Amino acid sequence: MQRFRKAFGLDFPQHKSAQLQENNDAGDTLQVIGAGLPRTGTSSLKAALEILGFDPCHHMAECFNYPTHSHAFSALIRAKTNPTTTTPQAYSHRLAAVQRCLRGYRAAVDAPTCEIYPDLLTLNPSLKIILSVRDSDSAWWKSFSETVAQQFALSYGILVYPIPFLRAQHGVADAIKKHWTTTLLMGGQEIGAGVYTAHNARVRETVPAGQLLEFNVKEGWPRLCAFLEVPVPEVPFPNLNDAKALKKVMQRTRIMGVMVWMIYLTLVGLLVFFLIAPPAGLKRAVGL
């Protein structure tokens, strides 16, 4: 499967320091959380934080490399969506699993972390929270609906089901979709620009003002560096408009899913053929 991922360009860079996540003695290294939704400049923010020394920074792309992250985050988000079906002990267990995934990371942005920032802030009240924003809710929805939202479709889930790491990542997307519908939209609206408005309002309400920076990546370094109390670097602020790259990734995952399904169906067809009408040579070999 690793070779398959490389062939389709789905093998994302891994941070060596992130391997600390498997070390029980690594301690809590997380210092900064990006609570902004996907498609709010989170890739640029991730790159900026790593330039500033908050390296490595967790991002949804990490779930491609570590399916265990997908399983842990989706389990916790589902528990948040349906708290009455989860005991406090089970919830704590799921939260601890996410903490283990984040060991070794100094920052975390994008989904799925932006869905559980209140839990992480409760565990570590000194965390600094960055709410990355777009120019408007409609600008966010246009970008999101053309890219990430495709993972919400049932057809996408079926297509990637035979591929374990993509199936796990789709599980995260599905958990987030249900969380938005249940807790942000209260089950009364379809997912749209209202998610952006409701999510950002919740962040403003739940994070102490002194620990929150509302930030548009178009602003560049000054306010971000002042908030994080680090010097402004002598390099340009990263501007990673990754919409085209993300669309290519989505296309590749579909192609990969189609190919795996074709392989599976071909094997099943051959098996059925040999069981129903085995070749003459095979009949003689087994004494039929």
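Predicted model: local features only at pLDDT ≥ 70, side-chain atom pairs only at ≥ 80, totals over all residues.

Biologist: Let's take one residue. Why is Asn216 called buried?

Modeller: Buried means under 20% relative accessible area. Asn216 has 13%, so Asn216 is buried.

Biologist: Where does Asn216 lie, and what does Asn216 touch?

Modeller: Asn216 lies in the loop between strand 5 and helix 11 (221-228). Leaving out residues up to four places away in sequence, Asn216 touches Val133, Arg134 and Asp135. Here a touch means heavy atoms within 4.5 Å.

Biologist: And why does Tyr264 count as partly exposed?

Modeller: Exposed starts over 50%, buried is under 20%, and partly exposed is in between. Tyr264 has 40% relative accessibility, so Tyr264 counts as partly exposed.

Biologist: Which helix holds Tyr264, and which surface patch is Tyr264 part of?

Modeller: Tyr264 is in helix 12 (residues 243-276). With Ile263, Leu267, Leu270, Phe273 and Phe274, Tyr264 makes a nonpolar surface patch of about 580 Å².

Biologist: Which residues of helix 10 are buried?

Modeller: They are Val195, Tyr196, His199, Asn200 and Val203.

Biologist: What puts them on the same side of helix 10?

Modeller: They cover an arc of only 120° around the axis, so they are on the same side of helix 10. An α-helix has 3.6 residues a turn, so residues three or four places apart point the same way.

Biologist: What do the buried residues of helix 10 pack against?

Modeller: They pack against helix 6 (113-123), strand 4 (128-132), helix 7 (137-145), helix 9 (164-184) and strand 5 (212-215).

Biologist: Which residues of helix 7 are buried?

Modeller: The buried residues of helix 7 are Trp140, Ser143 and Phe144. They cover an arc of only 95° around the axis, which puts them on the same side of helix 7.

Biologist: What covers the buried residues of helix 7?

Modeller: The cover includes helix 9 and helix 10.

Technical notes:
Residues numbered from 1 in each chain as written. Heavy atoms only, no water. Patch = residues over 30% accessible without salt bridge, like charges linked within 9 Å, V, L, I, M, F, W, Y side chains within 5 Å. Areas by Shrake-Rupley, 256 points an atom, 1.4 Å probe, with all protein chains shown as cover. Salt bridge = Lys/Arg side-chain N within 4 Å of Asp/Glu carboxyl O. Helix = DSSP H or I, 4+ residues; strand = E, 2+ residues; numbered from the N terminus. Buried < 20%, exposed > 50% of the residue type's maximum accessible area, 1.4 Å probe, protein only. Arc of directions from axis to C-beta.
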